[in-house]
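Please read this briefing alongside the sequence and the coordinates.

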Amino acid sequence: MRRRSRLVRLAKALELPDDIVLDLPRITMLGNQQLLIENHRGIIEYTSSCIRINLNQGCLCVRGEKLTLGHLQKEQILIEGMVVELKYDT
Amino acid sequence: MTRKISSYIKGAVKIKIQGENQERFINLCISKQMQLWGVRKLEDSLFIWLSLHDFFRIRDAVRKAKVKVFVVESYGFPFFLKRLKRRKILLYGAIVFFIAIYVLSGYIWFIDIVGVKNIPKEKINMMIESSGLCVGVRQEKVDTKKLEKEILLSVPEVAWVGIHFTGTRAVVEIVEKVIAPSEDKSPGDFIAGKSGTITECITILGESKVKIGDKVQAGDILLKGIGKNNEAVRAKGIVKAHVQYESFGESLLEEQVYSLTGNRKFGVKINFCGQIIDLNQVNLADFIAYEHEVIVKSIPSWRNSDFVVEFIIDVYRELEVDTIAIDEIEAKKIATREALAENKVQIPLDAYVVAQDFKVIDTDDPNLIRVKLTIETEELIGMYNQYNKE
């Protein structure tokens, strides 16, 4: 915990992006049509109404309708469909 | 776009995954740096698109996740090749088609002759056909330079000829000679076309009958067509004279202007197979002046039927007459403009205006302004006459 707070201070002092220093996921949403998650740890569950994605900080639960995975790579996941809800389960 | 092209070249497969650990299968694939797209879940099955190269690497992941894999769809060039290998006749057909196109494009299939106006096209056609340029001949076999020379030599009316090929079309471009109209060299006198006073007289051929300052009438001989040895020649020279033109213009001091009052009356007639029946007669007694327009509305003819019905609508619009007084200066201007317009018709374009004079002429009518316009020009007055032996 102390190490983490030190890292945060260092990132602030050097004006470095937090997602790189703290290894955080970057989540980009395009309206409610597309959701791009970078720096993920894999898929836990996938159905057309719910997708759960494993992240460093826990689990991200995406709820919606007709959800598909437009693009899947080691670094990023692109979710397409109608996103209704986005929730962190820590 | 580039992703689509590369996936087409590499080939892509759509697979159906059935089993319990579908998510694990995805994670295992991702961990092996595979690229997946179009992942969709329908009921218990998971559909995934992946490249053909990655498809051969999923065996390990399938075993670990204990899922069943079915190929649903395939796309890309490798599959096209595979299909082509099975349908050899199609492949041979395509090859034969391209060879045929290549071979046939070396022949001449059309001949265009352009630029001919007076020379008959058939003549040129016959000539080029006999020289070997005809439909169905290979382009290499035609010696265009030789053919061009042949046409030039055998058709005297041709000034230039060019033969070139555009695809399977041979274009024979021909430029015809422009033969200048032959000059009339028959003996003749140079006579005055207009009456005037001579200002310049230069004799090139013949005998001069006038000198500067002479007054001549139209038809008078200016240069006689007689040579030094009394032989008949065609007289030639430059004779300029001052010529006067007169014209008149008139304008009234008051003008009548018609304007619409807005009152209208309509008369309707029907033309039924040539018989005109009056449906609404118009009484025009209360209109002092009117303008009349006829509108014909016919039913569109159907299948060449002779049954003709037309509605003829007469529109009468009432006009009001106003008399506007014009002042004297304005009236003079109008009259002068009229006179000038009349004069312009008579004066040739190459004439040089020397003097111009306006004169207001008294008339019996006090309401009328009349202007006389006199224009004096210097111009060439000579023209040719048939030779007179006297």
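This is a predicted model: local features need pLDDT of at least 70, side-chain atom pairs count only at pLDDT 80 or more; totals for chains, interfaces and linings use all residues.

- Five strands of chain B form an open sheet in the order E11-E9-E13-E19-E18, with antiparallel pairing; its edge strands, each of which pairs on one side only, are E11 (215-216) and E18 (352-361) of chain B.
- Within this sheet, strand E13 (residues 236-252) of chain B and strand E19 (residues 368-380) of chain B are joined by 13 bridges in the antiparallel sense, and Ala241(B) stands opposite Glu379(B) of E19(B).
- Helix H9 of chain B, spanning residues 328-346, lies across E13, E18 and E19 of chain B, and runs at about 145° to E13(B).

**Helix H2 of chain B**

- Helix H2 (residues 22-31) of chain B is mostly covered, with seven of its 10 residues buried; among them are Phe25(B), Ile26(B), Leu28(B) and Ile30(B).
- The buried residues of H2(B) pack against elements of both chains, namely strands E3 (43-46) and E5 (58-72) of chain A, and strands E1 (12-18), E2 (36-42) and E3 (45-51) with helix H4 (59-65) of chain B.

**Positive phi outside glycine**

- Gln33(B), which is not a glycine, has a positive phi of about 65° and sits in the loop between H2 and E2 of chain B; because its relative accessibility is 55%, Gln33(B) counts as exposed.
- Glu43(B), also a residue other than glycine, has a positive phi near 55° and is found in the loop between E2 and E3 of chain B; with a relative accessibility of 77%, Glu43(B) therefore counts as exposed.

Terms used
Residues are numbered from 1 along each chain as its sequence is written. Chains are lettered from A and ligands numbered from 1 in the order in which they are written. Side-chain values use heavy atoms; hydrogens and water are left out. Two strands pair if DSSP finds at least two bridges between them. Helices (H or I, at least four residues) and strands (E, at least two) are DSSP runs, numbered from the N terminus. Contact means heavy atoms within 4.5 Å. Axes are lines fitted to C-alpha atoms, for helices over the stretch in contact, and angles run from 0 to 180 degrees between N-to-C directions. Buried means under 20% relative accessible area, exposed over 50%, partly exposed in between (1.4 Å probe, protein chains only).
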